[in-house]
Every structure is written in C-alpha cells, then in structure tokens.
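Please read the points below alongside the coordinates.

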Amino acid sequence: MKKLHNKVAVIIGGNSGIGLATAKLFAQQGAKVAITGRNKKTIDEAVFEVANGTIGLVSDISDLNSIDSTYGTVKDTFGKIDVLVVNAGILIAAPFADYTEEMFDQTNDINFKGVFFSIQKALPHLNDGASVIITASTVVHKGFVSTAAYSASKAAVRSLARTLSAELLDRNIRVNVLSPGPIDTPIFSRGATEEQANATKTHLASGIPAKRLGTSEEIAEGFLYLASDDSKFMIGGELLLDGGAATL
Ligand code: NAD
C-alpha cells in the first residue's frame, strides 16, 4: 500500500532541490501534489518531472496575498490538505559585520515570516489530523560562520513547530521540523559562480562526519516519514538528517 494514497500534499518551495525530490517521492507514494515556487519556468519543468497529475503554482511565500490564492487553487483542484511541507528558504551568507538590513529582511521575510503566515493561512484548508512539516536545518544546533540571520530564522521555525503543535492539538494536527545538514542542491549556486559553489560544498563536506553532502532523495525519505502515519506519535519534534554534523 502506498504511504500517501489519495492524500493531498502541498509543498511550498517544491520546484528545486529538496522540495522537488520530495514532490516526486510523494507523488510516487500516491499523493495528489501541488508545488509552489517563484519561477514559472522551473515550476513548469518540475511539474513535468513529477507528473502524476501534479499542479504547479507561482507563489511568493513573502507575499501574503499570493499565499491566500495558492490555497484557494489547491482547494478548488484537490480539496482539503492532508500534508503541508513548508520548505521554501534562502541562504544569504555573509559575515555578521557586513550583514545589511536588506539581507536580514529578505532572509526573515522568506525563512520565518513567510513560513509563519503560510501555516496560519493554511489552517482553514487543513484536514483535522494533517501533518505540517517545516524545513529547518542542522544550523539550529551549532554555530556556523556567516550564517547568523539564516541560523536564527531556522531556530525560529524550530520553535514554531513546538508552539503550533500545542495550539493545534485539539485538531490532531502535528507540526514537526526536518533539519537537514548540508545537502547537494542549487542553494549553494544562487548568487555564486560554479567554482565558488563547489568550493563551499567541498568545505562543508570535509566538516561532516559522513564526509559527504547528503542528497535531496535522502531528505525526501525523511519528509515521507513525517508526512505519513508512520510518525503519528511525533508531535512538535525534529528529525535531524545531517550526516552527524551537529552530534559527533
Ligand atoms: P533550493 O534553492 O534548491 O530550493 C529552495 C526552494 O525554496 C525552491 O523551491 C524555491 O522556489 C523556494 N523559494 C525560495 N524563495 C521563495 C519564495 N520567496 N517564495 C516561494 N518559494 C521560495 O535549495 P534547497 O537546498 O532545496 O532548500 C530547501 C530548504 O532546505 C530551504 O528551506 C533551506 O534553507 C533548507 N536547507 C537546505 C540545506 C542544504 O544544504 N541544501 C541544509 C539545511 C536546510
């Protein structure tokens, strides 16, 4: 039996990297999947790749009106939501001393404020018993240079999972986070040359006990666990998939 048979799953930030791999796995496991992202072209490509009736919606998580219209379309197409993955996130890395207000606002508008209101605005559209999963990061547990605002935004969403789970207990809605370690995705190439991205990835891999970056597919397996009933005793918790980075 497929683990998400007939479940409606929305993946906010599903057109690239971890979100795209998760969309593929969810669709293979029987879910009706909606993915969002900001770029129409990459969304269209992702929808083609995921197939299985998946829909793609252009939506900016930092724009509250666009979040509303996303859920409206999902409701009209598939009905109420069983699994909400709030995966959208950006990394603007720079030393603390050089971090500008603009960088700070951009990081928080997407990684924290966007996540907060994506879940709030989903509430009327979620089925009781739904699973909500937020992508946090291993940076919640350890200090990494040049990531002060990013790490704080991820600590904020880790906290959200606890508080929202407490508030949503009466509807049996579970909110958990998945915290990946460094994963080989396009996140390191954004705003960087290929050479810089490769140097960052090599540097990160050398600091991980597993001695390599993780793959998006490995993280997607974690999302499947949190989305399905296999994890039904997990509430307000964190699944850490980081090759030992924060623990060893
Ligand atoms: P990615 O850049 O490939 O994907 C980022 C996703 O977020 C894309 O789908 C993009 O469309 C979406 N997104 C960004 N800004 C958005 C906005 N304003 N509105 C809507 N969608 C938006 O990177 P990824 O590595 O797959 O990152 C996915 C998540 O995993 C992020 O939250 C990231 O912080 C987190 N993460 C990544 C790593 C890693 O090493 N790759 C480690 C820990 C956590």
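1. Patches are built from residues with over 30% relative accessible area and no salt bridge, like charges being joined within 9 Å and nonpolar side chains (Val, Leu, Ile, Met, Phe, Trp, Tyr) within 5 Å. A salt bridge is a side-chain nitrogen of Lys or Arg within 4 Å of a carboxyl oxygen of Asp or Glu. The model is predicted, with pLDDT of at least 70 needed for local features and 80 or more for side-chain atom pairs, while totals for chains, interfaces and linings use all residues. Residues are numbered from 1 along each chain as its sequence is written, and side-chain values use heavy atoms, leaving out hydrogens and water.

2. Glu101, Glu102, Asp105 and Asp109 form a patch of negative charge on the surface. Asp109 belongs to helix H4 (residues 101-122); helices are DSSP runs (H or I, at least four residues) and strands likewise (E, at least two), numbered from the N terminus. Asp109 is partly exposed at 33% relative accessible area (buried is under 20%, exposed over 50%, partly exposed in between; 1.4 Å probe, protein chains only).

3. Asn52, in the loop between H2 and S3, has a positive phi near 50 degrees without being glycine. Asn52 is exposed, at 54% relative accessible area.

4. Ser146, also not a glycine, has a positive phi of about 65 degrees. Ser146 sits in the loop between S5 and H5 and is partly exposed, at 27%.

Terms used:
Areas by Shrake-Rupley, 256 points an atom, 1.4 Å probe, with all protein chains shown as cover. Lys, Arg positive; Asp, Glu negative; His and termini not counted. Charge placed at Lys NZ, Arg CZ, Asp CG, Glu CD.
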